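Here is my note on the model you sent. The points follow in the order in which I would read them.

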Amino acid sequence: MVRGLRKVKHNEGVPRTAPPPKTSAQGEGKGAPPLGSGGPQTRKKKILLRCIVGASIVVGASWVVFTIKPTWWAQLKGHLPFHSAPCDYDGDGDTDIAVWRPSNGRWYIQGQSSALWGVSGDCPVPGDYDGDGTTEIGVWRPSNGKWYIQGYLSVPYGLSGDIPVPGDYDGDGDTDIAVWRPSNGKWYIQGYLSVPYGLSGDIPVPGDYDGDGDTDIAVWRPSSLTWYIQGQSSVAYGLSGDIPVPGDYDGDGDTDIAVWRPSSLTWYIQGQSSVAYGLSGDIPVPGDYDGDGDTDIAVWRPSSLTWYIQDLSSPQWGASGDIPLAQNIWIWKRTGLIP
Ligand SMILES: [Ca+2]
Ligand SMILES: [Ca+2]
Ligand SMILES: [Ca+2]
Ligand SMILES: [Ca+2]
């Protein structure tokens, strides 16, 4: 559970105020536990629960319906770490197509009613902040540094020039509130001491590169075209003008280094074949849209308001001026990689 995240009775309406949290990005969270103190038990319990729910369908039936995904078994047996799909608002295991409309502050999630959450100027930061397996809608407001997560009281964390980098840094199964501060290169993860990692001009690229279940602090440095991942060797990958699009494209449980190159309209994924996908002006929106455990190459085309998901459907969703809600989209926007 995120510190300072308190449930509210009413899930609707515009964000409200809250008492100050125990630690803040302004203070340095002294006395906080070290990163990595969260254990894998929570994740395993959740997977077990999901399997039990799936298996309970057989009760009372004269035939067996087996709805447990193979990946869940692999996760239970420890062969794969548990990863829920990013931006999975209904919790069914796949990424949902969604846009946020700055002009009216509404979230439009395919298959659900629209929801008013946030105001123009906010950064949408969807994540599973309470660790229940579904993604909560939420925004971070640069003007006051507050996080507004739907269903919870607001949490002040960060300063106006920060870049929101929510992720599960302690690996306990819930998304942790976090910001990266370009001015001093420090990562502020709520409840933990700040971590200096990166330089001004870097692009934060958090991901689980070692596949151990927690989000790793990482930056891509456009000046040296190098990926720096905490605890791992640096990797030269990408060219000037690339947009870093890390994801688990091969579905083996770890985040793969990857870039989308607008100049050649090609996806380059380390250790895999390059894939030409997208047109000029497209916005990359990788995610696990079919819920099979690997990240799918995808782009949103503002000119036709169409989502193109490789080997899957091409639905129209969104309106002009909308922001497609892919993971990390706000990192790209705040660092000027996309308009
Ligand atoms: Ca966490
Ligand atoms: Ca990790
Ligand atoms: Ca991988
Ligand atoms: Ca997939």
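1. Strand β4 and strand β5 (residues 138–141) pair in the antiparallel sense over 2 bridges; strands pair if DSSP finds at least two bridges between them. P124 stands opposite V139 in β5. Strands are DSSP runs of E of at least two residues and helices are runs of H or I of at least four, numbered from the N terminus.

2. The model is predicted: local features need pLDDT of at least 70, side-chain atom pairs count only at pLDDT 80 or more, and totals for chains, interfaces and linings use all residues. Residues are numbered from 1 along each chain as its sequence is written, while chains are lettered from A and ligands numbered from 1 in the order in which they are written.

3. The pairing of β4 and β5 belongs to an open antiparallel sheet of 4 strands, ordered β4-β5-β6-β7. Its edge strands, β4 (123–124) and β7 (155–156), each pair on one side only.

4. Strand β1 (residues 98–101) pairs with β2 in the antiparallel sense over 4 bridges, and V99 has Y108 as its bridge partner. The two form a hairpin with 4 residues between them, where G105 in the turn has a positive phi of about 70°.

5. β2 also pairs with strand β3 (residues 115–116), antiparallel, over 2 bridges; W107 stands opposite A115. This hairpin has 5 residues between its strands, and G111 in the turn has a positive phi of about 85°.
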